[in-house]
Amino acid sequence: MKNELRNEYFDWMYRLVCEPQYTNGLSYRELLCRLYETPFDYTIAMDGNRAEDGVDLRYRFGYEHNIEDPAIAFCLDDRECTVLEMMVALALRCEEHIMDDPDVGNRTSRWFLDMIGNLGLQEMTDENFDRDYVVRILNRFLNREYKRNGEGGLFTVRHNGIDMRSVEIWYQAMWYLDEVLKS
C-alpha cells in the first residue's frame, strides 16, 4: 500500500506541473523522480515555510483523493519535504494566491517549468536525462551557489540591488512574478 500511494502521489504531482501544453509533449518523469528523491535542505530559516508547504501538499493530495490523514501520515510522512514537493507547492501557491487569472487559465505548470528552466534543467527530458548533471545543479541550488541575480537558482531577476542568494525563496518568487507582470 505504501509504494502504491507514493506512486499515485508522484503521478498526481507530475500531472499538476507537466501539462502537455507547457511541455510540448516532452516527458520529464526521470527529472521529477530525481527531484522527489532529493531532500529540500535549506539554510535560510524562512525557507522552512516552503518545506511546510511541501509537506502540506501531501495532505492536499489526500483530501482531493479521499484518503484519510492517518494513511497519508503513515505512507508519505516518513521523510522530510523533497525538492519536488517544495517546487510543486510553490508553483501552486504562485498560481492560486498571486497570479490567478480566470481569463488566462491555470498556469501552475508554467511557474514550475519556469523554475526548471531557471535552474538550467529544461533539457533534462527522459530522452536526455543526465543524472550527474542534475545532481550538480541541485547541489548548486541547495547550497545557494548560483549567481547574484538568481541565475542558476529557481528565479532569475533583473533586480540589481539584491543578492538573491541571501534572500528567502518566497521573496525571490515575488520579485520574479513582479517582473513577469511588468513584461
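Predicted model: local features only at pLDDT ≥ 70, side-chain atom pairs only at ≥ 80, totals over all residues.

Visitor: OK, what does Glu64 form a salt bridge with?

Guide: With Arg60, and the closest N and O atoms are 3.0 Å apart. Arg60 counts as partly exposed too, at 28% relative accessibility.

Visitor: Where do Glu64 and Arg60 lie?

Guide: Both are in helix H4, four residues apart, which is about one turn of the helix.

Visitor: How many salt bridges turn up in the whole structure?

Guide: A search of the whole structure gives 17. One of them joins the side chains of Arg58 and Asp77, at 2.7 Å from N to O.

Visitor: And which parts does that pair tie together?

Guide: Arg58 sits in helix H4, residues 48–64, while Asp77 is in the loop between helix H5 (69–76) and helix H6 (83–99), so the bridge ties together parts 19 residues apart in sequence.

Visitor: Is Arg58 buried or exposed?

Guide: Buried, with a relative accessible area of 1%.

Visitor: Got it. What about Arg148, which side chain does it meet in a salt bridge?

Guide: Asp163, with 3.5 Å from N to O. That pair links distant parts of the chain, 15 residues apart, with Arg148 and Asp163 both placed in the loop between helix H8 (131–142) and helix H9 (169–182).

Visitor: Which class does Asp163 fall into, buried or exposed?

Guide: Asp163 counts as buried, at 19% relative accessibility. Arg148 is partly exposed, with a relative accessible area of 43%.

Visitor: Which residues are linked in a network of salt bridges?

Guide: Lys2, Arg6 and Asp78 are linked that way.

Visitor: How many aromatic pairs does a search of the whole structure find?

Guide: Nine. Take Phe10 and Tyr14: their ring centres are 6.4 Å apart and the planes are at 35°, so the pair is tilted.

Visitor: Why tilted and not stacked?

Guide: Because planes have to be under 30 degrees apart to count as stacked and over 60 to count as edge-to-face, and the rest are tilted. Phe10 and Tyr14, at 35°, are in that remaining group.

Visitor: Which helix holds Phe10 and Tyr14?

Guide: Helix H1, residues 2–17, where the two are four residues apart, about one turn of the helix. Phe10 and Tyr14 are both buried.

Visitor: Last topic: where is Arg34 found?

Guide: In helix H3, which covers residues 29–37. Arg34 is buried, with a relative accessible area of 16%.

Visitor: What is Arg34 in contact with, leaving aside neighbours within four places in sequence?

Guide: Phe129, Arg131, Val134, Val135 and Leu138.

Terms used
Residues numbered from 1 in each chain as written. Heavy atoms only, no water. Salt bridge = Lys/Arg side-chain N within 4 Å of Asp/Glu carboxyl O. Buried < 20%, exposed > 50% of the residue type's maximum accessible area, 1.4 Å probe, protein only. Phe/Tyr/Trp six-rings, centres within 6.5 Å; stacked < 30°, edge-to-face > 60°. Contact = heavy atoms within 4.5 Å.
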